[in-house]
Amino acid sequence: MTELVFLEPNKIDAVPFTTSRVIADMTGIEHRKIKVAIRKHQADVDSFGLSASYQAESTGGRPEEIIKLNEEQATFLMTLLKNTPVVVAFKKELVRQFYAMRRELIQRQVNRAALKPIRQELTDVIQASEGGDKWAYKKYTDLAYKSSVGRNAAQLRKERGAPKKAVAADYMTAGEIAAVTKRQYQIAVLLEMGMEYQDVKAIVAGRPIPEEAGQGR
């Protein structure tokens, strides 16, 4: 399925958008004509938010202006196009993808809110069990991320172009946030049971642990 709607950056508070190039490619209308329609109705387009553009290399090697359109701007532009079968099919898929993206972002917000108290609980448990280890929180957080989504927080930030000090969860999908939340809760419970790091690591990795694990430090 062709991707029609984007997030840039792919962050929890980013605004979904499509582009004039996508619209041109999917409707078969010349890109130049799409941009002319946008410029002709610029005031109406900008009433839904100031439009933005960027330069990209065209097939001919020359820089090409591409206009970014949020959901309302794109919906308005669609009303200006003749309803050929191709255009109607594109409109339907564009609406579906914008809706799916909004639903995903809402779920990210919900899951992000659910993560916060679990993260605080894990912090409190780590402080109580390993208060003298200044690296303990990072150690267990990395374990939670790595064992649930395959990358630690630093790797996720780098992979997704986030600033080094950004909160990794702000750049994760709803499913990833839910997985990390579940894992952090599991780790907190295991620490409260008196388990050591290596035992906790073995459990979350699905490996067997010694019978004496969890019987005190």
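A: The protein chain has a radius of gyration (over C-alpha atoms) of 24 Å, while a compact globule of 217 residues would come near 17 Å (globule rule: 2.2 Å times the number of residues to the power 0.38). Along the principal axes, its C-alpha trace spans about 75 × 30 × 30 Å. This is a predicted model, where local features need pLDDT of at least 70 and side-chain atom pairs 80 or more, while totals for chains, interfaces and linings use all residues. Residues are numbered from 1 along each chain, and side-chain values use heavy atoms, without hydrogens or water.

The chain holds 9 helices and 3 strands (DSSP runs of H or I, at least four residues, and of E, at least two, numbered from the N terminus).

The 3 strands make an open, antiparallel sheet in the order 1-3-2 (pairing takes at least two DSSP bridges). Strand 1 (17-19) and strand 2 (52-57) are the edges: each has a single partner strand, so one side of each has no neighbour in the sheet. From one strand to the next the twist averages 35 degrees (lines fitted to C-alpha atoms, for helices over the stretch in contact; angles from 0 to 180 degrees between N-to-C directions).

Now zoom in on the pairing of strand 1 with strand 3. These two run antiparallel and are joined by 3 bridges. For a place to start on screen, find T19, which stands opposite K68 in strand 3. Helix 4 (residues 71-79) packs on the sheet here, touching both strand 1 and strand 3 (contact: heavy atoms within 4.5 Å). The direction of helix 4 makes about 100 degrees with that of strand 3.

Strand 3 also leads us to a pocket. Spanning residues 63-70, strand 3 gives the lining of the second largest pocket its largest share, 3 residues (a pocket is an open set of points on a 1 Å grid where a 1.4 Å probe fits, with protein on both sides within 12 Å along at least five of seven lines; lining residues have an atom within 4 Å). K68, which faces T19 across the pairing, is one of the lining residues, as are F17, A52, L69, N70 and Q73, among others. The volume of this pocket is about 170 Å³ (the space filled by probe spheres set on the points, joined across faces, edges and corners).
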